[in-house]
Amino acid sequence: MAVMDSSIQDASALIIDSNSTSRSLMSAQLRDLGVGTVRQATRIHDARMILEHKAYDIVLCDYHFEGTEMSGQDLLDELRREQLLPYSTVFVMVTGEATYAKVAEAAEAALDAYLIKPYTSASLSERLTHARHRKRVLKDIFEAIEKQDFETAAGHCLKRFAAKAEFWLYAARIGAELLLRLNRYTDARKLYDAIVEARTVPWARLGVARTELISGNVIAARRTLETLIGEIPDYADSYDVMGRVQMEQGEIAGALKTYRMAASLTPGCLLRQQSCGSLAFYAGERAEALKMLERTMAQGLRSKLFDMLSLMLVGLMRFDARDSKGLKYAQDALVQELERKPKDQRLQRFAVVFQALRALQDRKIGAALELARQLSAEIDQEDFNLEAATLLVGVWMRLAAQDVQLDEMPPLMQRLGLRFCTSKASTELLVAMTEGNEAVAQEFQTCHTRIFEIAETAMRHSMRGSARIGVALLIQQGEETRNAKLIDMASLVLKRHAEKIEDAQALADQIVELQKHYVLPLGMTTSRSRAAGGLALRT
């Protein structure tokens with residue numbers, strides 16, 4: 001058989017299939033096509049580890065694997081979501097007739113090609129040739145992205161879409177992701193709408209919902225998602241975004257139900273299992289949370305896709321169950337990860353929480369109190385985010401349950417509440433960590449009310465023609481409370497009324513400085529992920 005192109009002999013390929021006969025056949029076919037290096041993997045877990053550490057030009061992956069809930073589609077989804085596949089890699093799914101519909105859905109998530117068993121060497125050659133050709137045609141887009149020249153890359157995409165040139169739909173999808181990254185939400189929405197009009201595809205309709213959500217139009221995003229889910233109930237990415245909408249609206253129980261659906265649609269997806277398990281923890285469904293998070297530990301503790309927050313939540317639940325062995329196991333796993341990343345501030349913080357839990361377990365109240373104070377001293381650090389705040393609350397609540405006098409706790413909880421009660425979602429997460437302590441839960445609710453009263457007062461000033469007073473109030477209160485909502489609102493009000501404010505630039509400089517220190521991502525489920533429904537922009 002003739003080789004496909006002149007560079008194929010330099011290509012490397014990975015075959016992922018549990019059947020030895022299938023692996024041998026695919027390996028022989030690839031070598032006949034001229035592929036220089038061919039490696040094989042029999043299990044999804046092994047393949048994920050291989051691909052996390054080395055890039056391959058071609059990946060041939062079977063859809064179904066015996067003995068595991070994770071499919072080849074789940075593997076592809078996670079690799080794309082976590083930006084572990086470079087654009088140059090051609091990913092081909094191999095499947096039986098019975099799973100054709102599922103593979104067609106995977107194609108929407110940037111699958112390069114698929115093959116239905118039984119297939120011929122000519123079919124494999126055709127699929128690989130087409131996919132590699134697309135990579136070459138869109139090379140200018142990929143190269144601009146790799147240089148992080150997103151404006152140029154977006155321009156190439158829009159030009160190809162407007163001309164309906166070869167691979168215009170795929171280029172449009174990349175272009176929409178780039179526009180979102182560039183905060184050009186209106187342009188992204190126009191592009192998604194144009195794609196929907198030209199060819200109805202689920203990811204474009206989901207893109208509309210994403211732009212609505214990012215732009216702050218949560219109600220419209222929810223409407224779009226409800227329609228999409230109603231029409232295509234097995235499109236898992238839709239549930240990811242709907243869960244985020246529900247969290248924005250403070251509906252933890254509703255979001256948990258939605259994430260359960262996403263996890264059930266992709267039972268082998270490590271990321272969705274973690275998201276669902278973590279949310280079950282905050283929703284008070286601890287038995288479900290423990291089961292799901294310990295399952296993720298068993299499946300992927302050493303994977304780059306595993307989020308150490310899952311380990312931390314397991315530790316809290318094992319402590320509450322008075323399971324000293326389970327707590328120690330979780331702590332030991334964290335220590336091993338910290339040995340690999342000794343300078344990771346997040347892991348160091350987790351380690352202190354574990355130490356405090358072990359001290360409480362051993363009835364060393366004084367030692368636990370000192371560790372809680374050590375964590376509390378980090379509140380003003382730039383990387384101290386909502387995740388850290390919830391864990392700090394968790395430690396103090398377990399200290400308070402020991403019937404010891406903690407005079408320093410009430411002002412500390414107020415300080416945390418004023419900083420991190422930025423929305424209904426963040427407030428509900430903090431309340432969830434109070435473990436039934438009504439006084440602290442009420443304090444967080446009071447802080448939430450206070451923050452929104454400040455925001456409303458500032459808005460009234462701006463609407464009455466005293467925009468500078470409103471901006472100054474938001475800056476002053478933002479600096480005092482370090483609340484990201486107030487700081488961001490100061491920026492928005494200033495931009496809207498800048499021409500009427502003489503010292504607008506000086507105020508803008510103050511806001512930028514506050515944003516740099518105190519406006520951080522929510523950071524509550526997974527530490528890394530692409531946007532659901534979007535393409536991973538590998539940079």
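So, α14 and α15 run roughly antiparallel to each other. Keep in mind that this is a predicted model. The axes of α14, residues 270-282, and α15, residues 286-300, come within 8 Å and cross at roughly 150°, and since over 145 counts as roughly antiparallel, that's where the label comes from. The crossing of α14 past α15 is left-handed.

Who's making the contact? On the α14 side you've got L270, Q273, Q274, C276, G277, S278, A280 and F281. Across from them, α15 puts in R286, E288, A289, M292, L293, R295, T296, Q299 and G300. If you sort the residues of that contact by type, you get 7 nonpolar, 7 polar and 3 charged.

Right, on to salt bridges.

E294 pairs with R318, at 2.9 Å from N to O. R318 sits in α16, residues 308-320, and E294 in α15, so this bridge ties together parts that are 24 residues apart in sequence. Buried or exposed, what's R318? Well, R318 has 17% relative accessibility, so we call it buried. E294, at 27%, is partly exposed.

Next one: R346 with E387, where the closest N and O atoms are 2.7 Å apart. Here R346 is in α18, residues 345-361, and E387 is in α20, which puts the partners 41 residues apart and links distant parts of the chain. E387 is buried at 5% relative accessibility, while R346 is partly exposed at 23%.

Then there's D380 and R415, again a salt bridge, with 2.9 Å between the closest N and O atoms. D380 is in the loop between α19 and α20, R415 is in α21, so parts 35 residues apart in sequence get tied together. Both come out as partly exposed, D380 at 37% and R415 at 39%. And there's a network too: R286, D320, R398 and E435 are joined through salt bridges that share partners.

Last stop, E408. You'll find E408 in the loop between α20, residues 386-400, and α21, residues 409-420. Its relative accessibility is 32%, so partly exposed. Leaving out residues up to four places away in sequence, E408 touches L369, R373 and W396.

Okay, that's me done. Over to you.

Conventions. Residues numbered from 1 in each chain as written. Predicted model: local features only at pLDDT ≥ 70, side-chain atom pairs only at ≥ 80, totals over all residues. Heavy atoms only, no water. Axes fitted to C-alpha atoms, helices over the stretch in contact; angles between N-to-C directions. Helix = DSSP H or I, 4+ residues; strand = E, 2+ residues; numbered from the N terminus. Parallel < 35°, antiparallel > 145°, perpendicular 65-115°, else oblique. Left-handed = near helix turned anticlockwise from the far one by under 90°. Contact = heavy atoms within 4.5 Å. Nonpolar A, V, L, I, M, F, W, Y, C, P; charged D, E, K, R; others polar. Buried < 20%, exposed > 50% of the residue type's maximum accessible area, 1.4 Å probe, protein only. Salt bridge = Lys/Arg side-chain N within 4 Å of Asp/Glu carboxyl O.
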